Amino acid sequence: MNDDEQAAGKRLSGARLWHKDAVIYQLHVKSFYDADGDGVGDFCGLTGKLDYIASLGVNTIWLLPFYPSPRRDDGYDISDYRDVSPEYGSIADFQAFVDAAHARQIRVIIELVVNHTSDEHPWFQRARRAPVGSPERDYYVWSDTDDKFSETRIIFVDTEKSNWSWDPVAQAYYWHRFYSHQPDLNYRNPDVVNELLVTMNFWLAKGVDGFRLDAIPHLVEREHTDNENLPETHALLKHVRANLEAKHPEVILLAEANLWQEEAREYFGDGDECHMAFHFPLMPRMFMALAKQSAKPIKTILRQTSSIPDDCQWAIFLRNHDELTLEMVTESERNFLWETYAADKRARLNLGIRRRLSPLMDQDRRRIELLHMLLFSLPGSPVLYYGDEIGMGDNIDLGDRDGVRTPMQWSDHQNAGFSTASPHKLALPIISDPQFSYAAINVADQQGDPHSLLNWMKQMLRLRRRHEAVSRGSLRFVKTDNECVLSYLRAFGDDIVLCAANLSETPQAVRLALPGLEGYVPVELCGGASFPAVGRENYPLTFQPYAYFWFAMRR
Ligand code: BGC
């Protein structure tokens, strides 16, 4: 068997277009479970928790960066693309994890931080000493002045003043779109493109099922542009995809392109670039809809989203490891969302909010459920951020985005059952604030409580799995006479699901226009009760505050 056949053997077979039905659980190895008691989570610990992950009803894991790194950007500053950070284990531990995940029919997506490396990466150390004009030097983007590419915005506005930094060794400025310790790679150099393909092959041989392409709009630079989404970047992605397609057509690329929907859509190409892309503009509009008690923000943004190639899929999310970014809203919307959800200015970072979902919702179970019901039923594959299934809190006193990356709360034992190390050795402190502490919020307690958020999540994901309409179906908004109620139909063949949600803090009544569904009986999915059949009149429903319905429409 050659390497590619071996790799294919390690991967899950069947299910073409698996990403369309993916339910993705995003986690940090560092913070999930520490098996060797050194205070830092590791692959052995994660493998030991796979049964828990499988029990949630997710079918894909997205791992945050686990590569060797000085960790000045929590691993997004990579110093070796083809190894595992020793704190997290070995390549053998990684392989054992992938195999064990596959044995449970769970796929694995890993991070490919394509745009930049750490300044400690040997490529950068070599480049800064290499002669000007040499291929080694040209792994990165250099300039004698810091005024080139002046139309390019700064992303980490709270820390960086320029996208150029002076390197005293190279005696030149180097280009970086993120932190100054993250020099951008130069994809105009064919050697760099080749390195990327070699890295991908390295992990493909271990059986990974997908790559999240970090910060993908910034790959290629050109003078007199804003250096985002250049045709050259798309050409590079087509090249990467063609290479992947030739040998691993079942492996997916997931674009992290924090852009308006029409620009993000370009990352699907004609079905020849990425298979998936995050829908960044939808995310803040779910929070906006709730704050304004109006269906409008969600309806407007999805109506403005054009259809995508058949084999592609959006990835949708509420929270992740970063700040809740407010880049894809207008300035007045951003100020409104900041005032509503981050009145305490310490919670603001760059153009966003560094909080987890439960604190953002003031621990209001009704609103947490409502947002997840939308996440699980709007078009796209949902991404669930570890800990949000139990309503974990955050710690805004920690630096950068560390406050939303604290150890998973497994039990009310020492260190939340995450590690046996002494507490001061932990990668990050456990949440101790009484409202969100591990004594109050942990997996073990919620597993034993049939009414817990955790068990609610499992039930919703179970119901979702039964209806292909929700993962693959079309979307049609239902006309209502009440703006507080968001209602939509998802349909795939005969499978029709009607969703309706009251975004308001008060009870509401609504009439839904359901043309073409006369005679259908809405069967409520959570409890199985049949509701009155749809007649010729608009269909009446009443709701408690923040209540929602999922109905299967039966003839
Ligand atoms: C990641 C961030 C990271 C940045 C720079 C992103 O978009 O999600 O966590 O800091 O890229 O790598």
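## Terms and basis of the model

A residue is called buried when its relative accessible area is under 20%, exposed when that area is over 50%, and partly exposed in between, with a 1.4 Å probe and protein chains only. The structure described here is a predicted model, in which local features need pLDDT of at least 70 and side-chain atom pairs count only at pLDDT 80 or more, while totals for chains, interfaces and linings use all residues. Residues are numbered from 1 along each chain as its sequence is written, and side-chain values use heavy atoms, with hydrogens and water left out.

## Overall form

The chain contains 17 helices and 22 strands; these are DSSP runs numbered from the N terminus, helices being H or I of at least four residues and strands E of at least two. Its radius of gyration is 24 Å, close to the 24 Å that the globule rule gives for 555 residues, so the chain is as compact as a globular protein of that length. That radius is taken over C-alpha atoms, and the rule is 2.2 Å times the number of residues to the power 0.38. Along the principal axes, the C-alpha atoms fill a box of roughly 80 × 55 × 55 Å.

Of the 555 residues, 62% count as buried. Among contacts (heavy atoms within 4.5 Å) with a separation of 6 or more, 69% involve residues 24 or more positions apart.

## Aromatic pairs

The structure holds 40 aromatic pairs. Rings of Phe, Tyr and Trp (its six-membered ring) pair if their centres lie within 6.5 Å; planes under 30 degrees apart count as stacked, over 60 as edge-to-face and the rest as tilted. The rings of Phe43 and Phe97 have centres 5.7 Å apart and planes at 45 degrees, so this pair is tilted. The pair links distant parts of the chain, since Phe43 lies in helix 3 (residues 43-48) and Phe97 in helix 5 (residues 91-103), 54 residues apart. Both Phe43 and Phe97 are buried.

Phe543 and Phe549 also form a tilted pair, with ring centres 5.4 Å apart and planes at 50 degrees. Phe543 is buried, at a relative accessible area of 4%, and Phe549 is buried at 15%.

## Residues with positive phi

Most residues other than glycine have a negative phi. Asn227, however, has a phi near 60 degrees. Asn227 sits in the loop between strand 7 (210-213) and helix 8 (231-247), and is buried at 1% relative accessibility.

Tyr546 has a positive phi near 55 degrees. Its place is the loop between strand 21 (539-543) and strand 22 (548-554), and Tyr546 counts as buried at 7% relative accessibility.
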